[in-house]
Amino acid sequence: MSLMYLWAYKRQLFRPTTLGPLSVLQLSFMCHWRRVRNTYSQCGHVFDLADEMIRCDDRYCKFSSSHPSTCVPPSCTTTCWQYRQFPQQFNRFIDSVCPSCTQLGQGR
């Protein structure tokens, strides 16, 4: 069993729905935060970019703009996502000096 399939299988247990198991695509595109960190290898500085909210277009996610306004508790709590997914985290390694060092003329 592949790791992605196993991860998706375990994650489907946490969705409060009677609609059946989730696919891997549904899991990866639910509402979540994206966190990006830029690491500049030539000067060693690290900058965290502002967190970005990635919104899905799933009617069964209570955070989505596609979620119907008529879907309210108690049925909403049993059919729709009630929480955001774990944040995506990216650490970009950039082979240059950071913008601050470039501005100060400390480029190598």
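F47 is partly exposed in this predicted model. Its relative accessible area is 33%, which falls between the 20% limit for buried and the 50% limit for exposed. The ring of F47 pairs with that of Y40. Their centres lie 6.0 Å apart. The planes meet at 75°, so the arrangement is edge-to-face, for which the angle must be over 60 degrees. Y40, in contrast, counts as buried, because its relative accessibility of 9% is under 20%.

W81 and Y83 form another aromatic pair. This pair is also edge-to-face, with 5.1 Å from centre to centre and 85° between the planes. W81 is buried, at a relative accessible area of 0%. Y83 counts as partly exposed, at 31% relative accessibility. A search of the whole structure returns two aromatic pairs.

W81 also belongs to the largest nonpolar core. This core has five residues in all: M30, C31, C56, C61 and W81. Within it, M30 touches C56, C61 and W81, among other residues. M30 also contacts I54, D58 and Q85. These contacts leave out residues up to four places away in sequence.

Arginine side chains are placed over two further aromatic rings. R84 has its charged end over the ring of F63, 4.0 Å from the ring centre. R59 lies over the face of Y60, with a distance of 4.9 Å to the ring centre.

Note on methods:
Residues numbered from 1 in each chain as written. Predicted model: local features only at pLDDT ≥ 70, side-chain atom pairs only at ≥ 80, totals over all residues. Heavy atoms only, no water. Core = buried A, V, L, I, M, F, W, Y, C linked by side-chain atoms within 4.5 Å. Buried < 20%, exposed > 50% of the residue type's maximum accessible area, 1.4 Å probe, protein only. Contact = heavy atoms within 4.5 Å. Phe/Tyr/Trp six-rings, centres within 6.5 Å; stacked < 30°, edge-to-face > 60°. Lys NZ or Arg CZ within 6 Å of the ring centre and 35° of its normal.
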